[in-house]
Amino acid sequence: MTDSNDAVWEVNRERDGGHQPFESNLPKLSGMGEVLAPVAGFGISLRNFFRPTVTEQYPREKVPTMPRYHGRHQLNRYADGLEKCIGCELCAWACPADAIYVEGADNPLDAAMSPGERYGRVYQINYLRCIFCGLCIEACPTRALTMTNEYELAGPTREGLIYEKQDLLAPMGENMLAAPHPMVPGVGDEAYYRGEVTEVDPAQVDWVREHRPEEPTLPENRKRHAEPVEADRG
Amino acid sequence: MTATADKAGSQAVETVNVTIDGKAISVAKDTLIIRAAEQVGIEIPRFCDHPLLKPAGACRQCLVDVASPGPDGNLRAFPKPQASCTMTVTEGMVVNTQNTSEEAERAQKGVMELLLINHPLDCPVCDKGGECPLQNQAMSHGNAESRFVDVKRVFEKPLALSSEILLDRERCVLCQRCTRFSDEIAGDSFIDLQNRGAMQQIGTFNEDVLGFDGYGPVGIAAEDESGGAFSSYFSGNTVQICPVGALTSSAYRFRARPFDLVSAAGISEHDSSGSAIRTDHRRGVILRRLADNDPTVNEEWITDKDRFAFAWQNMPDRLTRPLVRNDEGDLVEASWPQAIAAAAAGLREAVSGKKAKGVGVLPGGRITLEDAYAYGKFARVVLGTNDVDVRTRIASDEEQSFLGSSVASTGLGVTFADLERAPSVLLVGFEPEDEGGVVFLRMKKSSPKQQVFTVAPFLSRGAHKLGAQLVEAVPGYEGTVLAGLTKAADAVKALSEPGSVIVVGERVAGAPGAFTEALALADRTGARVVWIPRRAGERGAVEAGALPGLLPGGGDVAVAKARKAVASAWGVDDLPRTRGRDVTGILTAASARQLDALVVGGVQPTDLTADMIKALKAAKFVVSLEVRRTDATELADVVLPVAPPSEKSGTFVNWEGRLRGFATAIKTDAMSDHRVLDMLARELGVDLGTATVDAVNAELVTLGVLEDSARMAAPAVEAPAAKAAEKAASVAAGTKSLTLASWHQLIDEGSLQEGEPYLAGTGRIAVARMSPATAEAVGVKEGLVSVQGTHQSSIDLPVVITDMVDGVVWLPAKSPGSWVAATLGLAPGDSVSVKGGV
């Protein structure tokens, strides 16, 4: 076996011109140049001693990304706290890496998760598969899905890199009221899509107060819940 | 009718020559332009056009340029584009579609823009998104931009037509496919076009309710054409043919997208029609089922039961691992080898132990051909008994003789097409809508040309929709009624026309002499007899010989020649010689401890009049092969989990005798009954040879069809005397005793319909029916009537006075609040005591 393999190598080498001596195609130096050639490379090092450092001291020092960097996804909310995601699965459809899994469900209008008839009951992004191409963002009809600049996506387990809906949802904004609660009275889902809902309606607050008096995002509970957090940070 | 149809078939079809987009083609006369274009591979966009519905020209999307020769022979163009779905081709016609005519393309784009003006464009939310003809054709044949800037018309959404069917009028393009389907195909008109102009909409009938006739559904429902609550067994088809997302089903609403789903072709397990279905599943869970297109069987329609009843197989009580009863008497999970060993030990004791009394086998009526074959062979070869019966319902020896002589191994007999073409049909103990499903749709197609007669206690709504004439019969006396049909009777006259069909249902088994008389009537008139059972596996079981007196190939176990042929094919010396016990016999014997053990398949104790629970308790050893935990598995000593139809492959033989093979839709570890029985037989030292579907089918082919002398003789049972029938059909004042009439409603509380509340909501309310004279005699005016049988418990239902035979009370067989077999312990034809005003 070995013998015949050697023979094959031999033939190949000959065919490839391996028997010919090596000839460099760099310009041939002459005189002093040829003498100094072995140390000329140090000149490059020497020159860079006096230039500013470009190495980023990650992770000790985190440099902000470019503003449109494709980082971790985020599921956004409307100003009144309803989820923008309607569970249409267009992101999953657009995804070239099959990284997104969505299941829609009937949205109970008296205790809505999102405006309209449908909401995303299950939402998963598998960051082992995601290639951060952003096609899902382009596909999203309600701007529910956007990308943040967060790039620290690594973990010790595979399961941990499948982000569930609660991992992806944007944090509650300052005056938002957590879903489920009804839509702003008197407007349809299209008002939401047009961006006409800009704040929580008192009727929504009343509804949540009646059904979930302990809800931390209620105005009266907000302070109480906010204080311990401040204390923790201190 | 048949004569002319045959003539048309033999004659050369008259053709005309047309040119479509420059392609010359010769097509049959009266072909629609849109169909002719399809033949040359030109697709004209359309919404309202459906090959199985009459042309409507409602959506105007299929406009094309047409020119045809005038009287002088010169080609004359129509002044405007024409709808190609309503215009038939004529000789020399020249058609230019959107591909070659700018005018046609402009017209189509204009129509599309118009259709989209009030369309909400909520595709991301809509269930149809991704498989929507409107979406697709708007992309391929529409303008990218709309000029419409005003506010769109809005409607309340969605409107629940029934608990299952939801209507979103905003999305509707008024194609009228749904209204035409419900009117032409199903005969249940429940929606129609209303108003004019921009406010034109599909709407429900809002007239005042005209009166309750006992056909209302359990759940919410819109009113139908008659003003009653809308109740249809076929409404799911409108969801499938809706070319936009206007009609959706509650069961599938917002659940998935087409690209999520893996589709698998299959055969419905719900009735003996063998309807082709498509199962769509995601991550091992079935999300929906659709009708598949099979022109020979179900065309493109299925019943709502076929479509929506699939949740049962993934209920939490699904069995995934074998269970064995331990020393403490509890059923505990065990490994397969342990369970098989335990089952084999128990059966060995019952077959060959000291004082062994033998084993009875009840496979249940929902199994495939292969499973039935395995049960039959297992009983005869391994257990050495003929006590095997798939009929978990009323059964008789006469029926077995009929099945052995006229059904088993007769191949494809009367087909759906024959039934559709038949000039007249006589239904005996068979309700096409309730017990046949798509059989009803095929007969409806020929209505009103087809003369239908039904031997029944009253004209059910299904029979009424077929324009059937009632031949009144008290259950149990169908044979007498058939015998009493003289030459002068309308039914006999009609049946004498060539091509006529006599349909006998499974309930005929409860009427002595009815099979004999049906065959005699067929002889008298020249009509053909066809047996349409209710359950999917029964015809296959007849073919496979899973009946106490029937061997595969149609052989009679009492005939030595038949036994010898089958025994040599199976490689055994001989088979048990005497006919075995039927289902009631097996259960009675087990209850009386004349049988040691039972092997039970998919049998619900509540379907049987005999006390199966008692039999299971009395039997020393019970092996149960089930998909889910049932009352039977709870009493079994070994429970072997088997696969539901979507997780196995096999063959259903439909009532025509057509083999309806299907492949595994969802691959799981679950094994089919025949495989489990093969393992069990191996443990008992017998190579059953039924490990795979292929092996079983190869054996069935080797067995072939046995010769006539090895078959059963036709039944010869005398029907009750005419006087007795007359007496039964009369009612004396003050009597409490009536004859029970009953059949299964298509949508009821059958075990395969569990776990689907939306479907259950479309099932009909349970009512008791009796004639005015009967009601008066037993003292019932209105309100509840209480029916009692042999058990303590009674069925209390609201009574509906119906025009029907006297002396009879009708109850639905397994509807909410009316489980006849379980509560009364009686079958149709038995006598019940009735009390009014409870």
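In chain B of this predicted model, strand 12 and strand 13 (residues 276-282) run antiparallel and are joined by 6 bridges. One pair of facing residues is Ile267(B) and Ala276(B), the latter in strand 13 of chain B.

These two strands belong to an open sheet of 3 strands in chain B, with the order 12-13-14 and antiparallel pairing. Strand 12 (262-267) and strand 14 (285-291) of chain B each have a single partner strand; they therefore stand at the edges, and one side of each is left without a neighbour in the sheet. On average, neighbouring strands of this sheet are turned by 30 degrees against each other, direction ignored.

Chain A also holds an open sheet of 3 strands, in the order 2-3-5, and its pairing is antiparallel. Its edge strands are strand 2 (100-106) and strand 5 (162-163) of chain A, each of which pairs on one side only. In general, strands of a sheet pair through backbone hydrogen bonds, either parallel or antiparallel.

Chain A as a whole contains 9 helices and 5 strands. Read from the N terminus, its elements follow the pattern α-α-α-β-α-β-β-α-β-β-α-α-α-α.

The dimensions of chain A can be set against a simple reference. Its radius of gyration is 30 Å, whereas a compact globule of 234 residues would have one near 17 Å. Along the principal axes, the C-alpha atoms of chain A fill a box of roughly 90 × 55 × 35 Å.

Of the 234 residues in chain A, 35% are buried. The accessible surface of this chain is about 15800 Å², and carbon and sulfur atoms account for 55% of that area. Among contacts in chain A with a separation of 6 or more, 69% are between residues 24 or more positions apart.

A further site lies in chain B, where Arg769(B) is part of strand 31 (residues 768-770). Is Arg769(B) buried or exposed? Its relative accessible area is 4%, so Arg769(B) is classed as buried, the cut-off being under 20%. The side chain of Arg769(B) also makes a polar contact of 3.1 Å with the side chain of Thr802(B).

Terms used
Residues are numbered from 1 along each chain as its sequence is written. Chains are lettered from A and ligands numbered from 1 in the order in which they are written. This is a predicted model: local features need pLDDT of at least 70, side-chain atom pairs count only at pLDDT 80 or more; totals for chains, interfaces and linings use all residues. Side-chain values use heavy atoms; hydrogens and water are left out. Two strands pair if DSSP finds at least two bridges between them. Helices (H or I, at least four residues) and strands (E, at least two) are DSSP runs, numbered from the N terminus. Axes are lines fitted to C-alpha atoms, for helices over the stretch in contact, and angles run from 0 to 180 degrees between N-to-C directions. Buried means under 20% relative accessible area, exposed over 50%, partly exposed in between (1.4 Å probe, protein chains only). A polar contact is a pair of N or O atoms within 3.5 Å; within protein, one must be able to donate a hydrogen and the other to accept it, and residues adjacent in sequence count only if both atoms are side-chain atoms. The radius of gyration is taken over C-alpha atoms; the globule rule is 2.2 Å times the number of residues to the power 0.38. Contact means heavy atoms within 4.5 Å. Accessible areas come from the Shrake-Rupley method with a 1.4 Å probe; for residues, only the protein chains shown count as cover.
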